[in-house]
Amino acid sequence: MTRLTKAAAAVAATAAIALLASACTGQNSSSANDDATKDVTITFWHGWSAPNELKAINDNVARFERAHPNIHVKVQANITDDKINQALRAGGSQAPDVVSSFTTDNVGKFCSSGAFTDLAPFLSRDRIDPAATFPKPMLEYTQYQGKRCTLPLLGDAYGLYYNKKEFAAAGISAPPKTLSEFQQDAVKLTKTSGNSYRQLGFMPDFHGYESTPGHLAAQWGVKYFDANGKSQVAQDPGFAAMFSWQQQMVKALGGFDKLEKYRNTFGDEFGAKNPLHTGQVAMGIDGEWRLGMARDAGMNDLGVAPFPVPDDQASTYGKGYLSGTVIGIASNSARKNAAWELVKFMTTDTDAVVSFANAIHNVPSTLAALKSPKLDPDPGFRTFIDIAQNPASTTTPASINGGAYQVTLQDFGYAYESGKVKDLQAGLRGVDSQVDKDIAQAR
Amino acid sequence: MSTAVHPLLRAKRRKAALRTLAFLSPWIVGFSAFFVYPLLSTLYFSFTHYDGFAAPTWTGGKNWTYVFRDYPLFWPALRNTLWLVVVMVTLRVVFGLGIGLLITKIKTGAGLFRTAFYLPYLAPPVAATMAFVFLLNPGTGPVNHVLGGIGIPAPGWFTDPGWSKPALTVLALWGIGDLMVIFMAALLDVPREQYEAAELDGAGPWHRFRYVTLPNISPIVMFAVVTGVIQTMQYYTQPLVAGKVASGIIGNSGQQFEPGYPDRSTLTLPQLVYNLGFQRFDYGAACVVALVLFVLAMAFTALLMRRRGGLISAED
């Protein structure tokens, strides 16, 4: 009885280990020797899930199938990066041929590990010049150390959302352009109620949904890594300036504890009760998708503008943080040439890109689509298109271990805003040290 | 001095040994394939750099050094896991036994109470955790509303590093149905005559519990503790979901997921195995954490079995 129980306990304790070890069997091949003119079915995984998004992507796939009658596409929606990681490793007949991901931070991991096929030979074969086809920031986040294993499939741009009705009531005539104007407006728009708020001008806490260190730091035009690939957040003055500004905002708006308590009353970020929809906050940083979501939730008073810039960089007003969806071909796909036809259509066919962008209110990802007259003329949407085209707009660079360096920076941000860490420079040096250790481990 | 064994006897012994081996072979095959092989593989991978795509390359103790010295999430996760093993397992056993005792004493409506206490155990862990995060939301949750109404300071629950593990413990106690049923069966199995004899000797309720009930059900208590320790070592879904939902970052919009919100207080070792192995493609380091879990589970189990005489009751 005792021995049996011990054995059972040991088996139970190592169940996870068994799964882990047995999962380590993936193999991949980089050759593309299938005939894309023959009848073939490919599998396409993507992460969109809302009905309008699904309709838009299915319409695009249907257009592709009409243009390529021999290639049939099996579409799998609502896929997360974790599922992609597992499928790419496992391979097999059910694994995807074409994969798209919302997490641009993972491109470094996808490229360096060989999980995604290098697209350079396909681009070269079809005489597609990436530099002449895609906007520069989008080209950056879709490659890692010169290896282009993904292409942009629509993009996201981040800007300022503000409540027009509250602006008028507070006597603010235009959205702020510099961060000092922004702070004044945020204070003016804040209405306290006892120990809490009736309305907050802006939620500066790093957990305030999209007000993350990475999104805010883009306004300072920061560079995360030096020429040797070493983390340089302590050397780049933009990071220290961003953290100091955020701390100043936290103090000006009532202090960390009070703000955190108020933050806990917010509804889901992607639900109808987002604080920008309910009026709990009067200004927020968010992506272009918020426009449609706010209207769907019955909030029609939101105005949009580029997010303000530091006072000493006022001339760069109009820039913002950029991100987007990426698409690539699984390296273990046996139908790479057929898969490439779909990737090429989705990412470079101007009509396909424009109609998809209009349908889901994302930023188009080709230079031709950005200039297309068929693009939605909605002024709010156009604001984000301008941010995406601004040469000073930036993104977070791809890294060999995905977004681990951003998680480290975020963790420091949480510790600093809560007062747990007092010494900013020492903290940033600690971030550099940790990021470098994590990257050394991943190599 | 040796004595020669008769060839017939030797053949008979060999035949018996082969027969034994044949009968044992299904277990040997299963144990080797699902325990020994994964364990040895995990040990091997822990000394390699392996991302699941390229072949593993030998890196010596690099992964071990990284996990123990340079990986900032390891020690908080280990501390949290040990906290949960000590506090949550203890409270679950005490609470499960207490509820079992109460229900076995109830004369009327025992079925109703039994069902009421058992039902939460059947709730899917993700749904139950999300419901608890909603109920315990410090700003909008009904629990803090009630606490505030009666003048009790309302905790931050899943948003406060000091309260997140107690909140997980409350969730675990809510789903106590499994232990309650096991303890009820054990309590009903204690011979009535022992209680009668103790009563004749003047034993009160505490002494009857201490000297009659507890010795009789001690193997079941040990079973509950050992399985509780192993389950808690594998505690993954509830802290992960609680941390994600409470942080407001659901993780499918391209945002970076913050492990262990708030302030790493809900981080457990199995989450690290997943984070390293399946999100960072670093199987080597993930295998180190898996081995730490294995060693800890074995050590706790061995310690408990040795100290309490295993699963043998006082009678045996």
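These points go through a predicted model, taking chain A and then chain B.

1. Of its 7 residues, 7 are buried, so the strand is largely enclosed by the rest of the structure. A residue is called buried here if 20 or more other C-beta atoms lie within 10 Å of its own.

2. Which strands pair with strand 7 of chain A? One is strand 4 of chain A, residues 151–163, which runs antiparallel to strand 7 and is joined to it over 5 bridges. Within strand 7, G287(A) is the residue opposite Y158(A). Another is strand 6 of chain A, residues 196–202, which pairs with strand 7 in the parallel sense over 2 bridges. Here V281(A), in strand 7, is the bridge partner of L200(A).

3. The largest nonpolar core has 109 residues. Among those with the most contacts inside this core are M283(A), V98(A) and F356(A). The element that gives the most to the core is strand 4 of chain A, with 8 residues. Both domain 1 (32–156 + 323–389) and domain 2 (158–321 + 399–442) of chain A give residues to the core, so it lies between them.

4. What does V98(A) touch, leaving aside residues up to four places away in sequence? Its contacts are I42(A), F44(A), I327(A), I329(A), A339(A), L342(A) and V343(A). Another core, of 62 residues, lies apart from the largest one and includes Y66(B), I99(B), I103(B) and L272(B).

5. Chain B is assigned domain 1 (7–63) and domain 2 (73–308). The C-alpha centres of these two domains of chain B are 34 Å apart. Their contact takes 11 residues from domain 1 of chain B and 8 residues from domain 2 of chain B. On the domain 1 side, the elements giving two or more residues are helix 1 (7–45) and strand 1 (48–49) of chain B. Helix 1 of chain B gives the most to that side, with 3 residues. By class, the domain 1 side has 3 nonpolar, 7 polar and 1 charged residues.

6. An unreviewed UniProt entry annotates several spans of chain B as "transmembrane region", including residues 167–188 and 283–305. How much helix does the model show in residues 167–188 of chain B? That span is 91% helix and 0% strand, and its end C-alpha atoms are 32 Å apart. Residues 283–305 of chain B are 100% helix and 0% strand, with 32 Å between the end C-alpha atoms.

Technical notes: Residues are numbered from 1 along each chain as its sequence is written. Chains are lettered from A and ligands numbered from 1 in the order in which they are written. This is a predicted model: local features need pLDDT of at least 70, side-chain atom pairs count only at pLDDT 80 or more; totals for chains, interfaces and linings use all residues. UniProt positions are given in the numbering used here, feature names are shortened, and annotations may be inferred rather than shown by experiment. Helices (H or I, at least four residues) and strands (E, at least two) are DSSP runs, numbered from the N terminus. A residue is buried if 20 or more other C-beta atoms lie within 10 Å of its own, exposed if 12 or fewer, and partly exposed in between; C-beta atoms are placed from the backbone. Two strands pair if DSSP finds at least two bridges between them. A nonpolar core is a set of buried Ala, Val, Leu, Ile, Met, Phe, Trp, Tyr and Cys residues joined through C-beta atoms within 7 Å. Domain bounds come from an automatic or database domain assignment. Two residues are in contact if their C-beta atoms, placed from the backbone, lie within 7 Å. Ala, Val, Leu, Ile, Met, Phe, Trp, Tyr, Cys and Pro count as nonpolar, Asp, Glu, Lys and Arg as charged, and the others, Gly among them, as polar.
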